[in-house]
Amino acid sequence: MKKYKILIISILTLIISFVRSWYSDFLFDKLFIFYSIPNLLLFVLFNYCFITSLIKIVKERKLINVVSIIVLLCSVLLFFFFPFRKVKTNYELNSFEKARLEIIDKIIYNELKPDDFGNVKLPKEYKKYSMSGEVTIYQNDKEGQVICFWIFRGMQSGSVQLIYSTGGEKLIKDNEKGHPIASIEKLKDNWYYVETDY
C-alpha cells in the first residue's frame with residue numbers, strides 16, 4: 001500500500017480538482033470565504049506529489065512514479081483548460097429545462113413579478129435553477145420574452161447568463177442595457193449562453 005501512496009494522492013488531487021472546478025461558481029457565489037481552501041489544498045497536494053514523484057523517478061525509475069506524474073499533469077490540464085462552466089450549463093439546460101419553462105410560464109402569466117430592476121426572486125422550490133436565486137427579465141410582452149437565468153453573476157470579471165429568448169440573438173442584443181455582450185452562443189431553440197463584460 002505504501003508503494004502506491006503517491007499515486008493514490010495524485011488520483012485524489014485529480015478528483016478534488018474536478019469537483020472544485022465543477023462547483024467553483026457555487027463556491028465563489030455562496031461560500032466566498034471558503035473559495036480559496038480547495039485551491040490551497042490542491043496546490044499543496046500537487047507540489048508534494050510532483051516533487052516526491054520526480055525524486056523517486058531519479059532514484060528508482062519505476063513506472064508507478066511516471067503514472068503519478070501523468071495523473072498530476074491531467075489534473076493541471078483539467079483545472080486550466082476544460083470548459084467546466086459551459087459543460088455544466090449544457091448538462092443543467094437539459095436537466096432543468098422543464099422547471100425553467102415553468103418559471104417562464106409563471107412570468108408570462110404574471111404569477112412571478114419583477115421588482116423595479118427587472119429581477120424576480122424565485123420561490124424556494126425554484127431557487128436552484130438560477131445561481132443567484134433570481135432571474136432577470138429583460139423583456140416580457142407580446143413582442144417576445146428575454147429572460148435570464150444566472151450561471152455566474154460576476155463583479156468585475158464578467159457574468160455568464162443562460163438566456164431564454166423567443167426572438168433569438170437579435171432580441172437579446174436589442175435588450176442590452178449598459179452591460180456589453182462579449183459573446184452569444186445558441187445551445188438549443190430559444191436558449192443562449194451569453195457572456196457579458198460586467
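Ser 68 is buried, with a relative accessible area of 0%; buried means under 20% relative accessible area, exposed over 50%, and partly exposed in between (1.4 Å probe, protein chains only). The model is predicted, so local features need pLDDT of at least 70 and side-chain atom pairs count only at pLDDT 80 or more, while totals for chains, interfaces and linings use all residues. Residues are numbered from 1 along each chain as its sequence is written, and side-chain values use heavy atoms, with hydrogens and water left out.

Ser 68 is placed in helix α4 (residues 63–81); helices (H or I, at least four residues) and strands (E, at least two) are DSSP runs, numbered from the N terminus. Leaving aside residues up to four places away in sequence, Ser 68 touches Ile 6, Leu 7, Ser 10 and Ser 53, where contact means heavy atoms within 4.5 Å. Ile 70 also lies in helix α4, but with 47% relative accessibility Ile 70 counts as partly exposed. Between the C-alpha atoms of Ile 70 and Lys 88, 18 residues apart along the chain, the separation is 25 Å.

Two packed helices are described by the angle between their axes and the distance between the axes. For α1 and α4 the packing angle is about 10 degrees and the axes are 9 Å apart; axes are lines fitted to C-alpha atoms, for helices over the stretch in contact, and angles run from 0 to 180 degrees between N-to-C directions. This makes α1 roughly parallel to α4, as angles under 35 degrees count as roughly parallel, over 145 as roughly antiparallel, 65 to 115 as roughly perpendicular and the rest as oblique. On the α1 side the contact involves Ile 6, Leu 7, Ser 10, Ile 11, Thr 13, Leu 14, Ser 17, Phe 18, Arg 20 and Ser 21, and on the α4 side Ile 64, Val 67, Ser 68, Val 71, Leu 72, Cys 74, Ser 75, Leu 78 and Phe 79. By class, this contact of α1 with α4 has 12 nonpolar, six polar and one charged residues; Ala, Val, Leu, Ile, Met, Phe, Trp, Tyr, Cys and Pro count as nonpolar, Asp, Glu, Lys and Arg as charged, and the others, Gly among them, as polar.

Helix α1 (residues 5–22) also packs with α3, at an angle of about 150 degrees and with the axes 10 Å apart. That angle makes α1 roughly antiparallel to α3. The crossing of α1 and α3 is left-handed, meaning that the near helix is turned anticlockwise from the far one by less than a right angle (right-handed if clockwise). By class, the contact of α1 with α3 has 10 nonpolar, six polar and three charged residues.

Helix α3 (residues 36–60) has 25 residues and should span 36 Å at 1.5 Å a residue, which agrees with the 35 Å between its end C-alpha atoms; the expected span is 1.5 Å times one less than the number of residues. Buried residues in α3 include Pro 38, Leu 42, Leu 45, Cys 49, Thr 52 and Ser 53. Just after α3, Arg 61 takes a positive phi of about 50 degrees.

Positive phi also occurs in two loops. Asn 110, in the loop between α5 (84–108) and β1 (119–121), has a positive phi of about 60 degrees although it is not a glycine. Asn 110 is partly exposed, with a relative accessible area of 48%. Asn 190, in the loop between β5 (181–188) and β6 (191–196), has a positive phi of about 75 degrees and is likewise not a glycine. Asn 190 counts as partly exposed at 28% relative accessibility.
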